[in-house]
Amino acid sequence: MRDRRVTVIGASGFLGRYVVRRLARQGAVIAAVSRRAGDAGYLKPMGDVGQIALIDGDIGQEDVIRAALADADGVVNCVGILWQRGAQSFERVHHQAAGRLAELAAAAGVGRMVHLSAIGADPGSPAAYARSKAAGEDAVRRAFPDAVILRPSIVFGPEDQFFNRFAEMARFLPLLPLLGGGATRLQPVYVGDVADAVVAALDGVGGATRLFELGGPQVLTFREAMELLLHEIGRRRMLVAVPAGLARLMAYIGEYLPEPPLTRDQLLLLERDNVVSAGMPGLPELGIAPTALELVLPTYLDRFRRPGALTTA
Ligand SMILES: NC(=O)c1ccc[n+]([C@@H]2O[C@H](COP(=O)([O-])OP(=O)(O)OC[C@H]3O[C@@H](n4cnc5c(N)ncnc54)[C@H](OP(=O)(O)O)[C@@H]3O)[C@@H](O)[C@H]2O)c1
């Protein structure tokens, strides 16, 4: 990896920053692209002076992307959105821009591409997010047939949008909503393991395999995830199954907020299990032993603990 040049698009995000840190540790020279490079200064100290270049740009800005890919040995696409707004549509960001990035990478002679998709990517999904992820995978494969596609389940870690969000709700609400009835099965995967998977894929560890589904060591229902969360933060809250119609109404109202806590599309996603499909290659095939939730949750959920509550071992 030493002296290898890697372009990371979406470097400022939750996963992107772990990818940058791992690549930097291995001595790669990194072009870190994000829409607000000025706010991504925290990436710089992850490498030596001059090792990480911050580049300001949208994934759809071809001139910026072309320049960022010049002389790159590898490219990682960590760009993703959870809800749509204006030009930030699933179709543009997950499908069209991902495909175009793959075309530009192929044209620039970039050796390896790793593209982040998601478990559940499916052209027949009722959720627009999942359909756009499937279309993005196809477009990337067409333009860059050797691209490695990684589909994580829900990713957890200090900056995650899942456990942090529900822990925050538990701080001021007397109950937690069991979305989708609470029975949907999840297989949360540690952000550090996903970043390791990206690096392993860049290194060609998976051999000829081009599609991996990444899940953690435990499969648990949404209800069990909430119970584990409440245990970690030492709070007792009622877990209430929200009727589908009410959940949709709450999501609809939430969509008007600057950062929607929940969208109707996310409710559709929660209707399907989010676990690694039987027989799919995953973390083990990339040489990674998945990290247990219980090892990591206490390291970042402590701030949500009830004052005076005993910490778990
Ligand atoms: N986190 C999960 O649980 C999870 C699960 C399955 C799959 N994934 C996938 O894994 C990837 C990384 O997810 P994440 O959790 O790290 O997401 P994240 O924290 O939201 O980061 C997404 C990154 O994409 C960037 N981005 C968004 N729109 C962009 C655009 N038009 N042009 C350039 N950059 C843009 C964001 O930067 P700015 O908005 O600051 O510009 C940010 O750096 C995504 O593809 C996501 O769909 C995540």
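This report walks through a predicted model of one protein chain, from its overall build to a few individual residues.

Residues are numbered from 1 along each chain as its sequence is written, and side-chain values use heavy atoms, with hydrogens and water left out. Because the model is predicted, local features need pLDDT of at least 70 and side-chain atom pairs count only at pLDDT 80 or more, while totals for chains, interfaces and linings use all residues.

## Overall build

Let us start with the whole chain. The protein chain has ten helices and 13 strands; these are DSSP runs numbered from the N terminus, with helices being H or I of at least four residues and strands being E of at least two. How does the radius of gyration agree with that of a compact globule? For 313 residues, a compact globule would have a value near 20 Å, and the protein chain has 19 Å, which agrees. The radius is taken over C-alpha atoms, and the globule rule is 2.2 Å times the number of residues to the power 0.38. Along its principal axes, the C-alpha trace spans about 55 × 40 × 40 Å.

Of the 313 residues, 53% are buried, where buried means under 20% relative accessible area, exposed means over 50%, and partly exposed lies in between (1.4 Å probe, protein chains only). The chain exposes about 13,900 Å², and carbon and sulfur atoms supply 54% of that area. Accessible areas come from the Shrake-Rupley method with a 1.4 Å probe, and for residues only the protein chains shown count as cover.

Contacts here mean heavy atoms within 4.5 Å. Among the contacts with a separation of 6 or more, residues 24 or more positions apart account for 77%.

On the charge side, there are 34 positive and 33 negative side chains, and the centres of the two sets lie 4 Å apart. Lys and Arg count as positive and Asp and Glu as negative, while His and the chain ends are not counted. Each charge is placed at NZ of Lys, CZ of Arg, CG of Asp or CD of Glu.

## Aromatic pairs

The structure holds eight aromatic pairs. Rings of Phe, Tyr and Trp (its six-membered ring) pair if their centres lie within 6.5 Å; planes under 30 degrees apart count as stacked, over 60 as edge-to-face and the rest as tilted. The rings of Phe156 and Tyr190 have centres 5.7 Å apart and planes at 40°, so this pair is tilted. Phe156 sits in strand β7 (residues 155-156) and Tyr190 in strand β10 (residues 189-190), so the pair ties together parts that are 34 residues apart in sequence. Both Phe156 and Tyr190 are buried.

Another pair, Phe162 with Phe166, is edge-to-face, at 5.3 Å centre to centre and 65° between the planes. Phe162 is buried, with a relative accessible area of 10%, and Phe166 is buried too, at 8%. Phe162 and Phe166 belong to one aromatic cluster together with Phe163 and Phe222.

## Residues in the loops

Now for some individual positions. Where is Ala127 found? Ala127 is in the loop between β5 (112-116) and α4 (128-143), and it touches Asp265, Leu268 and Leu269, not counting residues up to four places away in sequence. Ile119 is also placed in the loop between β5 and α4. Leaving aside neighbours within four places in sequence, Ile119 is in contact with several residues, among them Arg151, Glu213 and Asn274.

Cys78 lies in the loop between β4 and α3 (90-107).

| Residue pair | Apart in sequence | C-alpha to C-alpha |
|---|---|---|
| Ala127 and Arg272 | 145 residues | 9.9 Å |
| Ile119 and Pro177 | 58 residues | 23 Å |
| Cys78 and Arg17 | 61 residues | 9.6 Å |
| Ala241 and Arg223 | 18 residues | 9.3 Å |

Ala127 is buried, with a relative accessible area of 0%, as is Ile119 at 7% and Cys78 at 16%. Ala241 is partly exposed, at 48%.

Finally, Asp71 is found in the loop between α2 (62-69) and β4 (74-77). Its phi is near 70°, a positive value in a residue other than glycine. Most residues other than glycine have a negative phi. At 63% relative accessibility, Asp71 counts as exposed.
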